[in-house]
Amino acid sequence: MTGLPTSPLPALLVGFPILLAILTLFFRPGVKALVGLAGCLLTALLAFIAFVEVTQRGTVIHTPGGWDPPLGILLRMDALAAVFIGMTALVGGFISLYAWRYLRAQDPATGGYPLFWPLWLFLWAGLNGLFLSNDLFNLFVTIEVISICAVALAVLSGKAGALKAGLRYLLAAITGSMAYLFGVALLYGSTGTLDLDHLGQVLEPGTTTTFALLVVTLGLLIKMAGFPFHFWLPPAHSNALAPVSALLSALVVKGAFYILLRLWMEVFGVGITYAAGQLIGLAGAIAVIWGSWQAFMQTSLKLLVAHSSVAQLGYLLMIFPLLILPPGVTADSADWLSVTWTGGVYQVISHAIAKASFFLSAGIVIMAVGHDRIESLRDLVGNMRITSMAIGLAGVSLIGLPPSGGFVGKWMLLKGILLSGQWWWAPVVVAGSLLTAGYVFMLLRLAFAPAREKEPFRPVPKTLEVVALLLAVSSFLIVFPADYLIQFLENSEIFGSGIEAVLKGGFYGND
Amino acid sequence: METTSFLPLLILISSLVPGIMILLLREEQFAMRTFLNLFGAVAKVALVGWVFAGYLSGEEYNFIFRLAPDLTFALRLDALGLFFAALSSALWLITTLYAIGYLEGGLHRNRFFAFFSLCVTASTGIALSGNVITFFIFYEFLTLSTYPLVVHKGTDEAVAAGRTYLWYTIGGGTILFLGVVGLYAVAGPIYFGQTEIIASLISEYPTQLTILFFLVLAGLGVKAAIFPLHGWLPVSMVAPAPVSALLHAVAVVKAGAFGIVRLVYDVYGIGVAEEMNFLSVLAVFAAFTIIYGSVRALYQNDFKKRLAYSTVSQISYIALGVAIPGALTSTGAIVHLVHQGLMKITMFFAAGNVAETYGHKKISELNGIGRRMPLTMGAFTIAAFGMIGVPPVAGFISKWYLGLGAVEAGSYWVVLVFLASSALNAAYFLPIVYRAWFCEPDHEVVERLRSGRLETQALLLIPVVVTGILSLTSGLFAAVTGSPLSIAREIIEKFYLL
């Protein structure tokens, strides 16, 4: 690990939000929100600085206390981490602004759920830490911090539904963690290392390895609500407060995906078979169809949006079968690898932005009409122009219609599918898009329809509407830096031991 | 080719920015909205005229922006694209005037005009697209911007029509998406006109390229309303008259037809398409649609519905012209893009005027309407004669070229299709003309006639008269340089020289 430039920024990205989270505890509720918001915006700013730093200097590292691994821990910020950290900052920043206004309006008596701020800051620190971690145990710690904060945030409203859903969420999260930890223990037992780079080099094929990888993958699938482990997501995400729903759907589940991507591409060269790749792809495909169909059938607005998340996460799982070379195919001819994984990352970003906007808009509508039946959208266009636009734009991006970010993501995914010759995934993408169009336009149709009775739309703070719209517009604007981002990812030497080795024909045995 | 010009972008911006600005206005800001509308429309016509002149003197206009590796947004002007752009921008200006008159005092005018502007942005974008992916982007953008126009009235009927419209167009768009990505996976980025790419790959990937051709064709066939993908068109007649006029004459159906022209001439190339028998399949579907649309039109009593089925039939003339190889049929197809646009927009304006002024929506109510609205129905009559193919109206020119070309290509069955279709056109248009001029008006409405006044609002009357006259003159002066026909011939010469 020597030779890479060091920078204090990775440490700051984790330390600063933690510091702020602790600091907020000392203030009275009203001030707490202000300090929390300031902390969030500063964290976002810090993340942007760090992002720019990586674009300028390439991968940077930080070893707290100067101890190199395996004794100390190493924070490594490469292009992939930088992109995820940047995404968290962008989406998280907007959500923080929204939360500041939203929570105050929801609960003026206690100063607007004051516990939100320390929890969210801890969660943010956990996410940054996860993106920067370079060993299996650190990843475990960060994803635990994230899970605990996420569950606590999900039950913040204290309503019965939220508590029940939160309990289910907690159980799922713990099960996932245990599976992950068990797999990690097995890997540590057989190799004696937890460092990702090192592990990638020393891991040898065998029953233990395969089993360990399966268990780790299983744990992560539970955490990212991959089919059939998605059952906890819709109730948890739909019962939370609007800004929390947005955080959970846009960012938290992406943490588990990030680990999965890193492990599969960087470490798991040994032991992953073509069949395993197909299986995880199949889970993704079912999630796309099932989740979209479920979303289509919902009568409650937030449940619809939550089921849509299950489907959209399915698309992310569908990139994994493409990353495993089929028997007999040499790495040299696998020209779809880079379009597939960069497309997957791009899809993560565009979904995060669009879904956050969608949940925030749902929160606004619910605040305005007082319930969350989708019927409440009737005549939304006539009453809340800005929110209608936000829902329309975010919805179009979710469908993947041009010129949205979702379109670029779907384009790259479909291109990877067709180039790899695994054409059987293509109908899934098509069907998923149609179903998504089905539920998005179901909402828009209602929004355009005239009101049945004089349904009162209560006035809603303009700030909320504007934030949701800004995010929705961002889900289109990210088309402009798409080329830059994708090249940034492609040109970086992220998967030093993984994908590079694949390309050299090093790892993947033709089983 | 490498020089970048912002002019094509400016043509798009001239309607995109007014559209977005109108969305932010308040409903009562009538003057501002009208100013933005007209400013955008006039600016667009001027810009298109300018680049057209520049193009003729040998200038090249390209605008290229990379969205992702292999995903390039490219605007490039060629003769065919400019031809379509000129049609869109000119008819937009006229329709904008009409819509201002038509929607006077209506609800949600901001929304209407905003999406109206976005819709024209999409259709000029389609015209100026330099490659397949840019075409696709605007093709989908067109779907999204027309949906709010179709459901504009907000009635249950309109909302249901919007649902049908979306299922067809989103479904078609998704199929098209699959086809376009497939083309990129097999052949890499394809700019319009680079037919050599497919030509060099066709022997290596015959199956894949055949499947992809028909996927793309099916995607385009939805908007071009080719049987059995036409179902959305008659239903979406619930939209306000200016929308129907625009959907039928320029924007949506033409986007499909124009796409088919691009696909055959500029992506696969006529040679490959003919060799692989793609064209004969297209010909069969197009011919069937021509007859089918006309037969269905016969049975409609709703004025706009009859016009809608007529559109289904007329658009397939373009597809059929493309499908019969030969310079004459191709010229007929391309000139019909414009001729059908002029005639059909006249008819919809006329239908709108009648409905707006007297509330008549059924053909059975049109007795004697010609005496009350002589200018409107005069224009309608010209357009109807044109549709039937009576010389010297524009439609005659198209049909003449198409028929002559079919004879030259030895496809006599196509000639029969044209003859049958003309007879059917006469059978469903002449009764309207007859009722309007020769039947006695129902007596209770006669009292509403007043002398010394225009037959309807000036803003509704002027557009229909202008497009009626254009339908006549573009046929009458077809031989003059600068007529639609002369430009179509130049475009075709280029394809057949290569």
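# Exercises on a two-chain model

The contact takes 34 residues from chain A and 35 residues from chain B; contact means heavy atoms within 4.5 Å. This is a predicted model, in which local features need pLDDT of at least 70 and side-chain atom pairs count only at pLDDT 80 or more, while totals for chains, interfaces and linings use all residues. Residues are numbered from 1 along each chain as its sequence is written, chains are lettered from A and ligands numbered from 1 in the order written, and side-chain values use heavy atoms, without hydrogens and water.

**Exercise 1. Describe the area that chain A and chain B bury between them.**

Step 1. Take the total: the two chains bury about 3,300 Å². Buried area is the accessible area (1.4 Å probe) that two parts lose on being put together, summed over both.

Step 2. Look at the atoms. Carbon and sulfur atoms hold 78% of this area.

Step 3. Find the main residues on the chain A side. A:Trp411, A:Arg445 and A:Phe448 lose the most area to chain B. Together they give 23% of what that side buries.

**Exercise 2. Find the salt bridge between chain A and chain B, then one inside chain A.**

Step 1. Apply the rule: a side-chain nitrogen of Lys or Arg within 4 Å of a carboxyl oxygen of Asp or Glu.

Step 2. Count. The structure holds 11 salt bridges over all chains, and the count between chain A and chain B is one.

Step 3. Name the pair that joins the chains. B:Arg66 bridges to A:Asp483, with the closest N and O atoms 2.9 Å apart.

Step 4. Turn to chain A. A:Glu144 and A:Lys223 pair through their side chains at 3.3 Å, N to O. A:Glu144 sits in helix α5 (residues 136–154) of chain A and A:Lys223 in helix α8 (residues 207–223) of chain A, so this pair ties together parts that are 79 residues apart in sequence. Helices here are DSSP runs (H or I, at least four residues), numbered from the N terminus.

**Exercise 3. How do α18(A) and α6(B) pack?**

Step 1. Read the geometry. Helix α18 (residues 426–448) of chain A meets helix α6 (residues 156–187) of chain B at an angle of about 155 degrees, with axes 10 Å apart. Axes are lines fitted to C-alpha atoms over the stretch in contact, and angles run from 0 to 180 degrees between N-to-C directions.

Step 2. Classify the angle. α18(A) is therefore roughly antiparallel to α6(B); the cut-off is over 145 degrees.

Step 3. List some partners. α18(A) brings residues including A:Val430, A:Leu434, A:Phe441 and A:Arg445. Among those of α6(B) are B:Arg163, B:Leu166, B:Trp167 and B:Ile170.

Step 4. Sort by class. The contact of α18(A) with α6(B) has 10 nonpolar, four polar and two charged residues. Nonpolar covers Ala, Val, Leu, Ile, Met, Phe, Trp, Tyr, Cys and Pro; charged covers Asp, Glu, Lys and Arg; the others, Gly among them, are polar.

**Exercise 4. Describe how α1(B) packs with α4(B).**

Step 1. Helix α1 (residues 7–23) of chain B and helix α4 (residues 109–128) of chain B pack at about 165 degrees, axes 7 Å apart.

Step 2. The two helices are therefore roughly antiparallel.

Step 3. α1(B) and α4(B) cross in a left-handed way.

Step 4. Among the residues in contact are B:Ile11, B:Leu12 and B:Gly19 of α1(B), and B:Phe113, B:Leu118 and B:Gly125 of α4(B). The classes are 12 nonpolar, seven polar and no charged residues.

**Exercise 5. Locate two cis peptide bonds and a positive phi.**

Step 1. Recall the background: most residues other than glycine have a negative phi, and most peptide bonds are trans.

Step 2. In chain A, a cis bond joins A:Phe227 and A:Pro228, with omega about 0 degrees. A:Pro228 lies in the loop between α8 and α9 (233–239) of chain A.

Step 3. A:Ala225 is also found in the loop between α8 and α9 of chain A. Its phi is near 60 degrees, a positive value in a residue other than glycine.

Step 4. In chain B, a cis bond joins B:Pro391 and B:Pro392, with omega about 5 degrees. B:Pro392 is in the loop between α17 (374–388) and α18 (394–409) of chain B.

Notes: Parallel < 35°, antiparallel > 145°, perpendicular 65-115°, else oblique. Left-handed = near helix turned anticlockwise from the far one by under 90°.
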